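I opened this model to look up two things.

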Amino acid sequence: MRRRGSDFRRPVRRKIPNVFLVTFCGLVILLFIVLLSRENQHPTSRSVYTKRSYRHEKVMEGLNITDEMLSPDSVTRQLNDQISLAKAFLVIAKESNNLQFAWELSAQIRNSQILLSNAALRRTPLTTSESETAVRDMALLLFQAQQLHYDSATMIMRLKAKIQGLEEQMNSINEKSSKYGQIAAEEVPKSLYCLGVRLTGEWFGSTNLQRKLRQTSMKLKDNSLYHFCVFSDNIIATSVVVNSTSLNSKNPDKVVFHLVTDEVNYAAMKAWFTMNTFGEVTVDVQKFEDFSWLNASYVPVLKQLQDSDTQSYYFSGSGTDNRTPIKFRNPKYLSMLNHLRFYIPEVFPALKKVVFLDDDVIVQKDLSALFSLNLNGNVNGAVETCMETFHRYHKYLNYSHPLIREHFDPDACGWAFGMNVFDLVEWRRRNVTGIYHYWQEKNVDRTLWKLGTLPPGLLTFYGLTEPLNPSWHVLGLGYTNVDPQVIEKGAVLHFNGNSKPWLKIGMEKYKPLWDKYVDYSHPLLQHCNVH
């Protein structure tokens, strides 16, 4: 084989550069291995660092919250105590109109709070050196507050005076509210007054209306029928009672209503119940002035009404006992319409059983079953009211009086007027009206009770009352909230209280229950703006 010429031969490589190349590659590989090894070890070290940092934070947090605050030598605790005391002094300084001192306290409170906030952020407790100025300045202000009599004793006295003032103010407001509420409840709305005037004019101006008055004397004495009585001077309220009973009665032709009113409203009441029909219900209207037996020699209330002290107590409000609430001084409690319930056998001498209804009720169930109830020899069938918020005898009567204390159990269960079944045969036999007269005579000085007809009723029918199922008579719709289910099941709903449904102060949520028995499209109601 022929060899190439010298010009065409490859140049010979030198061996020293190859050594450097190999050394360089080795160094690169070694560096890569070292870096990879460090990368693998880095997460562990980071994790350890993180754990150590987290543990350090928890320790410092625990130090600030527990050891630091509980330590008696803690600067943080001292500052917090100073701030709390300074805030109390700040309130008193403002009330004392010392605005300059109040501003200084506020500024120092802010400075101390900033120190505490910074210490909390950096997770280290306050040192004495950095808080010395704030503690000293706050201490000087607190000492100054004490020199101004802003000490604990002064604070307590001022707070007591403030509380006493607020209590007096609250009592005054409550008394005014009670007075205004009572006045609003007693006032006859202008629309109802207008209705009475118009009806009276209709009665005396229309001979046809007087001629239309039906004679139903036979039904009025028939004891096989269902007899109801209402004593009222409120035409529209009485109309609702009659209308609701008629609409919810299974046999309205057997229902007889005996209405008793006064001379003023007699013509208007007759006119209203003559020109309007209530199904097949029989309605009779009387006035108590026609009862010859109703005189001062027989009725203690009429005798008391002639007494000057009684008149002063109820009508002028200048009685000796100025602490008596205004509701106890309501003249309606001397109204004969309010006390006729104790003379039902005299008012209806031919009847044997009667259901008494107040004029502030509505009837939403058939009541015929009440006339077949067995009263077990008792005179009065009534729903007891001693459960829940209602009261027992000691809430109505004066048990410091020996007569009350000797004859009546203070824990005896009370009951309600408004829907009562009266056995008039048993009433006459036991002379219940005589019992009522006895207690009325004993209470001429109002030392046995003060309020209305329920207390004498509790005394008169003590031991003579048969408890009825609570669903027969649901109370409270004129002053409180009543369970809707109880209302739905109730046979008679009673709007007892000041918030009567025909008044502007009536409870709005219960007004529809009453309104549905009023025909507001009636021309007379529209003319008098009754709504």
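I traced an open sheet of 7 strands, in the order β3-β2-β1-β4-β7-β6-β8, with mixed pairing. Strands (E, at least two residues) and helices (H or I, at least four) are DSSP runs, numbered from the N terminus. I took two strands as paired if DSSP finds at least two bridges between them. β3 (282-287) and β8 (465-467) stand at the edges; each has a single partner strand, so one side of each lacks a neighbour in the sheet. Neighbouring strands are turned by 25° against each other on average, direction ignored.

The model is predicted: local features need pLDDT of at least 70, side-chain atom pairs count only at pLDDT 80 or more, and totals for chains, interfaces and linings use all residues. Residues are numbered from 1 along each chain as its sequence is written, and side-chain values use heavy atoms, without hydrogens and water.

β6 (residues 380-382) pairs with β8 in the parallel sense over 3 bridges. N380 has T465 in β8 as its bridge partner.

Then I looked at helices on the sheet. Helix α9 (residues 235-247) packs there, touching β1 (226-231), β2 (255-261), β3 and β4 (353-357). Contact means heavy atoms within 4.5 Å. The direction of α9 makes about 175° with that of β2. Angles run from 0 to 180 degrees between N-to-C directions of axes fitted to C-alpha atoms, for helices over the stretch in contact. Helix α10 (residues 263-275) touches β2 and β3, at about 165° to the direction of β3.
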